[in-house]
Amino acid sequence: MAMDVYAPCPCGSGKKLKFCCQNIAEDMDRISRLIENNQSRQALQQLEALDRKSPGHAWVITTQAVVLLETGETLEARNRLRQFIDKHPEHEFAAVLYAAATFQHDGLDAARPAISRAFQKGAKKHPSMLSGIAAAMSAVFRGRGRILASREHLALSLRFAPEEQRQEIFVRMLEFDSDASVVYPLRSAHPLPAITGEDDVVAEVRKAHKYAAVGCWNTAAEIFEKLSEKTPDAAEPWHAAGLCHAWFGDDAAAAAALHRAAATYRDPSAAVECETLAQVLDWSSATDRISRSELPGEITSVGRLLTALDATPRLQRLELPPQDPNAPPQPTAIYQVLSFNRDEFPPLGELSVDRLAKVLGEVIIFDAGQQEKEPPSIDVVGQEGPAFHDACDIVRSACGELVVWKPSEPTGEFTPREVAILSSQRAYPAKCPVALRRRLEHERMQSVVDGEWKATPQPALQGRTPAEAATTPEMRVKLLSAIYVLDAVTLRAGFELDMPALMGSLSLEPLPAIAVTPETPLNSLSPLQWLRLPLAELSDAQLTAVVNRAQLVHHDRFLYETLKVILQRPECLTELDQPRIYQTLADLCRVHNRRDEALHWIEEGRRHAEAGAQHFEKVWSWDLRELLMRLEDPADPGLKALGRKFVQYYSPKLPQMRPYLEQMFAIAGIPSPWLDVSLITEASVTGTAGGLWTPGAAEPAAAGSKLWIPT
């Protein structure tokens, strides 16, 4: 089909095709059809011929570059575009293509100037390509641990994306904000602060915002820092500069600017906001840190090696979950290297925090072919230091000639020392009940917070310990921020910090709740602002939005408090999944060692189910959830009565479930309730062949199907 001569010319000149490149339109139309038919080589040959006829033609050069990029010839694409841009620096499409080619061939760092130029020039006319570049940059920054840069580039990708791609990118942002491996102060939005002043200041702020809107955050940061010279008493320019540096990927510069903002803010809440971010961003340039190392080796016989390791008293093999067919292959085996022999654990009734074994390192074993057809391999990994060296010696001795070792080397991962004290591991006896393990781990973490953390000097506190900083009034902002950082680190480790109690022990007052009006844009709040919302004062619509956000980000304490408040708002519950609220509350209490309260929420969920229609399946689901929880503690006094209910009430109705439930009891080390002679009835021993009944199924599931467990 002939090209529309009155359409904009594809060369990018801004003119109509009729008045620009009509003389090569027929040739380019033919070449376009070759490209559409995946005849890239023929298209390139004809483009070469056309380039000889019309040297340096923009339409020809940019089309060549597109084909070369699609065929992976990034060096040739980059070189041709560079020659063209030297002569035509204002050409927008060429600038975008050159950024993409340089990024693909030379990497992100070398491409940053070209990418900034592309963002400035191509945002209006070529947003789709820039969306792809921003998304790729987000992935690179995530791999480097530049979390704020990764999230903001993903947001930029969403801003530039065409409508058909927006949903996919939006889902990726939701996954980002819900990623529990990222400390929560780095998740969610971080809006630029409002900056006011004279007309010249306002004009500069607008200019900086324009650069920030198209991803040129380094330029925006420079403008904000220059503004700080004009307004030395204002903290907002430093705050804005710090965020822009972080979004650009320069965490060190970001931390420095945010520290200055925190020191300048008169509002303690804003100061703590900046200081908390700065302390987390300081991790990337921490000097007092503990590196992670690995000792790799190749295995000559995996079977013989596993036998040897199983027989080594200082090694304890971990039970691995079933392999997910959609996930990368998991290791064949993982062992913990213990600080004492595994048979030296005291009896479970005498187990305490101070009698747990320290984990000196971990041993990870992959069989042949599990890692992209690599040979069988072994890795001893752990934090660099004497304990790791001892772990390596123990494993070498156990492996003998079954492993050919390679030199030990750092993994590139590290942990600041003040964080490392919170991430040290302890080992538990193999048959330790889940509930006991959870209680001891809670006690251990609380002991670390009350003892080691308070007594460890921290760079963020100018070398003082938290206990020392608490006696110095001018350290209040830094100490409050250090507590928020501690909250983030312990939460990532599965421990819920009692912040009010910790603040009270250090004579600190908590930050005030933020002021909220019906017009407050909740979605633009930062993570720390979410935690300071006056939940009871929110409107029903606002509270419902907060619940949805809390369930996404899953800050356990904030989610717990939010769900308890919304249960007092019947009008809100019509918009939400009430059983899921009870389920979440029960799970939060169970995970954080509040078993009695967890059982309370299970009972509330069961009562809600009993009040509804067709409640048998739903009540059974709650009973099964309670059973799973009680099985975590073999001494649970309520376990026998619940087991009796499954034998006498559910078994006659659902005979196929018996083998699966008996397996659950066996895993917990508890005799099957079906073997209790006082409970045996004709119905409880009679069963039919088949699989497990699942809620909503008219017939039992097919034999061999997996156990259905409520989620």
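Analyst: Let's begin with the cysteines: a search of the whole structure finds zero disulfides, where a disulfide is a pair of cysteine sulfur atoms within 2.5 Å. This is a predicted model, in which local features need pLDDT of at least 70 and side-chain atom pairs count only at pLDDT 80 or more, while totals for chains, interfaces and linings use all residues. Residues are numbered from 1 along each chain as its sequence is written, and side-chain values use heavy atoms, with hydrogens and water left out.

Cys572 is buried at a relative accessible area of 1%, and Cys589 is buried at 0%. Buried here means under 20% relative accessible area, exposed means over 50%, and partly exposed lies in between (1.4 Å probe, protein chains only).

Now to the helix packing. Helices (H or I, at least four residues) and strands (E, at least two) are DSSP runs, numbered from the N terminus. H28 (residues 615-630) packs against H30 (residues 658-667) at an angle of about 25 degrees, and their axes are 10 Å apart. That makes H28 roughly parallel to H30, since angles under 35 degrees count as roughly parallel, over 145 as roughly antiparallel, 65 to 115 as roughly perpendicular and the rest as oblique. The axes are lines fitted to C-alpha atoms, for helices over the stretch in contact, and angles run from 0 to 180 degrees between N-to-C directions.

On the H28 side, Leu624, Leu627 and Leu628 meet Leu661, Met664 and Phe665 of H30; contact means heavy atoms within 4.5 Å. These contact residues divide into six nonpolar, no polar and no charged, with Ala, Val, Leu, Ile, Met, Phe, Trp, Tyr, Cys and Pro counted as nonpolar, Asp, Glu, Lys and Arg as charged, and the others, Gly among them, as polar. As a reminder, an α-helix has 3.6 residues a turn, so residues three or four places apart point the same way.

Beyond H28 comes Asp636, in the loop between H28 and helix H29 (639-653). Asp636 is buried, with a relative accessible area of 9%. Leaving aside neighbours within four places in sequence, Asp636 is in contact with Arg595 and Arg630.

Elsewhere, strand S5 (residues 377-383) holds Ile378, which is buried at 0% relative accessible area. Not counting residues up to four places away in sequence, Ile378 touches a set of residues including Leu295, Val363, Ile365 and Trp405.
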